[in-house]
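Please read the following numbered points beside the sequence and the model.

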Protein chains: 2
Amino acid sequence: MDAAEFRRRGKEMVDFVADYLENIEHRRVYPDVEPGYLRSMIPSEAPLEPESYEDVLKDVDRVIMPGITHWQSPHFHAYFPSASSYPALLADMLCGGLGCIGFTWAASPACTELETVMLDWLGKMLQLPEDFLAGTKGQGGGVIQGTASEATLMALLAARCKAVKCVHESDPQRSEADIISKLIAYTSEEAHSSVERAGLIGGVGIRMVATDEHFSVRAETLEKMVAEDKAAGFIPFFFCATLGTTPSCAFDKITELGPLCNAENIWMHIDAAYAGSSFICPEFRPLLDGVEFADSFNFNPHKWLLVNFDCSAMWVKKRTDLIGAFKLDPVYLKYDNQESGMFRSLKLWFVFRMYGQSGLQAYIRKHVELAKVFETMVKKDKRFEICAEVVLGLVCFRLKGSDELNEALLKEMTHLGRIHLVPCKLRGRFVLRFAVCGRTTELRHVQEAWTHITELSSELLLKKRNEA
Amino acid sequence: MDAAEFRRRGKEMVDFVADYLENIEHRRVYPDVEPGYLRSMIPSEAPLEPESYEDVLKDVDRVIMPGITHWQSPHFHAYFPSASSYPALLADMLCGGLGCIGFTWAASPACTELETVMLDWLGKMLQLPEDFLAGTKGQGGGVIQGTASEATLMALLAARCKAVKCVHESDPQRSEADIISKLIAYTSEEAHSSVERAGLIGGVGIRMVATDEHFSVRAETLEKMVAEDKAAGFIPFFFCATLGTTPSCAFDKITELGPLCNAENIWMHIDAAYAGSSFICPEFRPLLDGVEFADSFNFNPHKWLLVNFDCSAMWVKKRTDLIGAFKLDPVYLKYDNQESGMFRSLKLWFVFRMYGQSGLQAYIRKHVELAKVFETMVKKDKRFEICAEVVLGLVCFRLKGSDELNEALLKEMTHLGRIHLVPCKLRGRFVLRFAVCGRTTELRHVQEAWTHITELSSELLLKKRNEA
């Protein structure tokens, strides 16, 4: 394929994408295929000779489209959103065209420099303390990671390195292996599984902290565990706080937890993967109060800030903590500085400028309002209950009754494929999660979804009554 | 920006990218900017209100382009290639438009299924033993990672988990921490720094193995180290072999090393990040002989197989080894199964089909031939010496004389920005690396590069003589 053909095919692909996104709501949101469906639809080996582009594109429709879960559909209410916007798509096309990777300054100066400045822009939008910004007199700075899981792992490893150094200074005879074997990390029982995995990778103990009635970790609980562990000869060194948990979007009380961690010399990392985007709105910024006590903070613009996957923003208060742990270039805090570093900051730049801070705030507010509308409808129907406080764009709810009943409801929904939700467990109960995800989700989609849910519920309850 | 504007701007961007790539050779390949150049060129905060797309695009030319190292230029001979092709760009546009992420089968069936099948296609192209493929009766399979560094880390962690389990079975009293503190990993002194970093992250000892006169690790050397370490109470558990080292594209002797590792119960991982792509050609496939002894194997199609960054292909012989280490979904061996998983397999599918195996082979061969041409020219000029065997697309050479002389030559080259090379150290000496990188690099570019190098060298030698 030469440049001339690329011009033609590229423009067709732009239309293909625009057509897809403009008509996405008419598609079944969850695909109707069985595991293993694809293998038999295509050859078992790569062709020896080139095939035509037409044939490839035909197979996109024949093989790929039937197996897509349409994350960008306004009927998609599962997980948390995966962001997408036209400015970000354009930036990605540019990024692909440039085809440069920025693992050091020299490898792509614009790439590394724009990243540092964009993380300062974003940090200011969030009103992060100046300590976390690079263009100030502080020792902090931001870096783009692929995912929140990567950021959590980096933070835990940096904390491990710092803790080992610290213990070693007061007790030079003690071996690194012995110190590591005594290190204990903490996180909420509601935290994402990637925190546990980071502990597993880092070879340190990890303890789950029980939450209060709002699914929030409180200082009192953590304090007790820390005291117990210290008494038993362990070394508490890391706490991963969650702002906006995956199951129910709950918030750990970091205004209480921060001072405790600081006093106990425990590294506090904040994972706000989903909720973080909302902190650009003054009315949601109080949810981040306490960040001044944190050593590192992370959230995913690729979830809720209109920046396509992947783009996870991480800030640290002391760059040297990371540099010590990873022997990295002092300016650009890459976990994987030899190979990583696409031009991901371009997406941020395009999106920030084309939406403006006001446009991004309006986008966040719209989603939160739609979630409130959904919550109100659920509350009006006495057959249902709300299972967690609705703070942002997620509503946890269930039919009053057994887990089996709710499982049956979700199964039928998934089978029909008109809307897509995933469940969670809260206090051991099976709960449905309704997340407002789509860039194009409007009031009518939320209303239609609720109508669909209540109709299915009525059928199910009637059937159950008839069976009884 | 609505769909209509995206259609217009997207088509303009396609032309922008095509124009860029068609005219790239007329640009200075290495930028003429100083560290920190960018911050003062743009505002210090994100705009409150939206800006126009025209303004953003103007700034791409004004702010970004002057700071780009043009990796896709035919004058770019630094590092190793970062692949790019029109079919891959089209696949990336589609991937961005779909905006789905495939961290589980249900999250995007087509995404996870195509990945497994594409890794089988690619595995067959490399003639990997059937053990490594998913669509067979074996226990193996492939997965796409972001980078070779990630693959190395995964392999080391899986090996660590297996080793701990194994020692624990024979000695149940021994603690995990104690076992880990005795584990020793090995890799070539010429290996990529990410191997050392993986050891650092995994908290295990790592020893660098000396190489022979071809910069290859030999079994004899490793065997001696393993015996010493065992005698000292350590537990050898992991060897990362390199096929195609970063400095000189050297190859560890895996036909010797594999049987040793198997006999010693040492996990052998093969990192063939750059060289791996060449194994699709029958004449280079012997370089992979011995892979049958490996537990895991990895290379980067995003380096040399026309698939845009990022796309690193990893295979394991026993899926359960990874699953045991990461508690992952048994089918899709994601290191980071909760968030990762863009539709990267689409790029492979588009590239494999649009080039065909024959087209990909021709592409590899062209690069190797151009490197041979460059080698021949270097050899004919008695002022220069070749510093390592030229096997694939990399030529290591230097002016006979001091390191200072060669450093001065490279500095002048970088300053002029007509071609871009980076150096390496071989046996302590400063060596220039000439890598054939560009998709559009032709004979004339290589000839021009050599003319430029010899002219600069003549000036430099003359100046030196005059100074003496």
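1. In this predicted model, V422(A) has R433(A) of strand 11 of chain A as its bridge partner. Strands, like helices, are DSSP runs numbered from the N terminus (helices H or I, at least four residues; strands E, at least two). Strand 10 and strand 11 (residues 429-435) of chain A pair in the antiparallel sense over 5 bridges; two strands count as paired if DSSP finds at least two bridges between them.

2. The open sheet of chain A consists of 4 strands in the order 8-9-11-10, with antiparallel pairing. Strand 8 (384-386) and strand 10 (422-426) of chain A are its edge strands, each pairing on one side only. Strands of a sheet pair through backbone hydrogen bonds.

3. Helix 12 (residues 345-380) of chain A lies across strands 8, 9 (394-399) and 11 of chain A, at about 15° to strand 9. Helix 13 (residues 403-416) of chain A lies across strands 9, 10 and 11 of chain A, at about 35° to strand 11. Contact here means heavy atoms within 4.5 Å; axes are lines fitted to C-alpha atoms, for helices over the stretch in contact, and angles run from 0 to 180 degrees between N-to-C directions.

4. Residues are numbered from 1 along each chain as its sequence is written, and chains are lettered from A and ligands numbered from 1 in the order in which they are written. Local features need pLDDT of at least 70, side-chain atom pairs count only at pLDDT 80 or more, and totals for chains, interfaces and linings use all residues, while side-chain values use heavy atoms, with hydrogens and water left out.
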